[in-house]
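The exercises below ask the reader to study how two chains meet. Each task is followed by a solution that goes step by step.

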Protein chains: 2
Amino acid sequence: MDHAAVRRFFLGLQDRIVERLAAIDGTPFRRDAWERPEGGGGTACLIEEGGVFERAGVNFSHVHGAQLPPSASAQRPELAGRSFRAMGVSAVLHPRNPYVPTVHLNVRWLAAERPGAPPVWWFGGGMDLTPYYPFTEDAVHFHRTCRDALALFGTDTHRRYKTWCDDYFYLRHRREPRGIGGIFFDDLSEPGFDSCFELTRSVGEHFLPAYVPLLERRKDLPYGERERAFQAYRRGRYVEFNLIYDRGTLFGLQSGGRTEAILMSLPPRVAWRYDWQPEPGSAEARLYTEFLVARDWAGG
Amino acid sequence: MDHAAVRRFFLGLQDRIVERLAAIDGTPFRRDAWERPEGGGGTACLIEEGGVFERAGVNFSHVHGAQLPPSASAQRPELAGRSFRAMGVSAVLHPRNPYVPTVHLNVRWLAAERPGAPPVWWFGGGMDLTPYYPFTEDAVHFHRTCRDALALFGTDTHRRYKTWCDDYFYLRHRREPRGIGGIFFDDLSEPGFDSCFELTRSVGEHFLPAYVPLLERRKDLPYGERERAFQAYRRGRYVEFNLIYDRGTLFGLQSGGRTEAILMSLPPRVAWRYDWQPEPGSAEARLYTEFLVARDWAGG
């Protein structure tokens, strides 16, 4: 188990994502290093009101503390009370153009320790796509790239991590998925450190290939007020998910992370409208009927 | 204990609030009756894009179920597993003019029952104010009316319920109060049903007198893009509070209430900006330095 190698990978991945996105946006990222009084810190990189991104956050954090927060030990009560180390990279991109989906990446490593007991560690992560006005070929490309990321790690792994993603990014109070999914995994410590690290690296390295092609294809499509209004409305669901359900957000807020860095995932402009329903047959209705449904996007 | 009288009071209060606000806004409320498959239902009344209110929701609900939701029994574990009845009125008003504060009222009655055990019941409620560009005389008027509402119910009651409100409407992750507070109470069952019901009625009946004068004084003040932008930014805090902390919101979502009615409390247009700070000495800074601080607004 080599923490330092994981840290180097995460920092390098953040740099590569930031560099590529800055080139596409035409705006440099603002870099904000922060320290946490209880231990650790991070670097938040962001664009606001950029050429392409209305808000883009690519964060690295590495925190440790005396007590694993409840959001991390809820699923593993045997770890409650242990000290912890956690590091990871999180990216959430909110493009201005409603034809470009919002995308989320997370790769993380956690360890829970207690004097006299062997340390418990695990990797987690994934990426998922939240379109407003979707294109089938974009959905297929994203999911196929997710499948490619996991191709070397077992025949069933992509299917399991796709299902996990669909289950995780689900708004129970709306009976609605957050978007069209992708892959999600957690508690990964088998068959061993090297293999788990390799899988996590592969997920991280497939993020730009999964997203950049559809960003470049759609970022200059013309749109108007109607598309922006629908985007703002749908972004409300993103806020609801992140504040009500997302374990990463809750872990960050509970572990004394930096609030402004954690909440960089929230969209810049959002609207709520009472009981709004898309007109049947409209482009907006298509999102619900053709995309926010369980589908095998990657195909056979 | 007379459920029917409580229900009559709640329904009448909803009608009186709706009638008065509709007259001020110049727009009739939309009325949406809904039923809950597991039992009960409610009536949502709302204005969207009105003359004065960008969004105003005044809801009545009366629900029952086989199992008290965790958000209600967290503080009272001895009640877990009991069946429950809950009814109440909730109002959240989001005026368009940034010089008029957002306001929230809730009055509620709950009962938890188990065969063979005496029923446990309690009242709860309160009201609180969330200004953007505040006026001292408005804050004083609101808090004095809250004090008046409780004047007949014990010398210490207003002080205790004001403190409870300050403690409850607090965003721990921001180390910031949601607004300037008001009054909040819960688990009220002493000294007896009649007296608790009377206190709850008094809180409900003082809502319009607490809010309408400042609504009428400020609703026609001129404002511009700067004030709207700050209002949208501050409304983000309202969303964060309601989705992360608010027990009423969580109770509603967990008890199978109607999502659209529960989330009517969310503001219509919201913005998040990274690490935004008001300019020292500005009107926006005054909100933080003079109003979002613990103060005895009602005075001696």
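**Exercise 1. How many residues does the contact take from chain A and how many from chain B?**

Solution. This is a predicted model, in which local features need pLDDT of at least 70 and side-chain atom pairs count only at pLDDT 80 or more, while totals for chains, interfaces and linings use all residues. Residues are numbered from 1 along each chain as its sequence is written, chains are lettered from A and ligands numbered from 1 in the order in which they are written, and side-chain values use heavy atoms, with hydrogens and water left out.

Taking contact to mean heavy atoms within 4.5 Å, one finds 30 residues from chain A and 30 residues from chain B. The two chains bury about 2,600 Å² between them, with 56% of it on carbon and sulfur atoms; buried area is the accessible area (1.4 Å probe) that two parts lose on being put together, summed over both. Of the area that chain A buries against chain B, 33% is supplied by Glu260(A), Trp272(A) and Tyr274(A), more than any other three residues.

**Exercise 2. Find the salt bridges between the chains, and one within chain B.**

Solution. A salt bridge needs a side-chain nitrogen of Lys or Arg within 4 Å of a carboxyl oxygen of Asp or Glu. Between chain A and chain B the count is 6 salt bridges, and one of them joins Asp275(A) to Arg30(B), with the closest N and O atoms 3.5 Å apart.

Over all chains, the whole structure holds 64 salt bridges, including the one between the side chains of Arg108(B) and Asp186(B) (3.5 Å, N to O). Because Arg108(B) lies in strand 5 (residues 102-113) of chain B and Asp186(B) in strand 9 (residues 181-188) of chain B, the pair ties together parts that are 78 residues apart in sequence. Strands here are DSSP runs (E, at least two residues), and helices are runs of H or I with at least four, numbered from the N terminus.

**Exercise 3. Work out how the two copies are related.**

Solution. Begin with the superposition, done by least squares on the C-alpha atoms of residues with pLDDT of at least 70 in both copies. A rotation of 180° with 0.0 Å of shift along its axis places chain A on chain B (RMSD 0.0 Å), which is the relation of a two-fold axis. The same surface serves both copies, since 100% of the contact residues of chain A recur in chain B.

Next, look at the axis, to which Val270(A) comes closest of the residues of chain A, at 2.6 Å (C-alpha). Val270(A) stands opposite Val270(B) in strand 10 of chain B.

Note on methods. Pairing = 2+ DSSP bridges.
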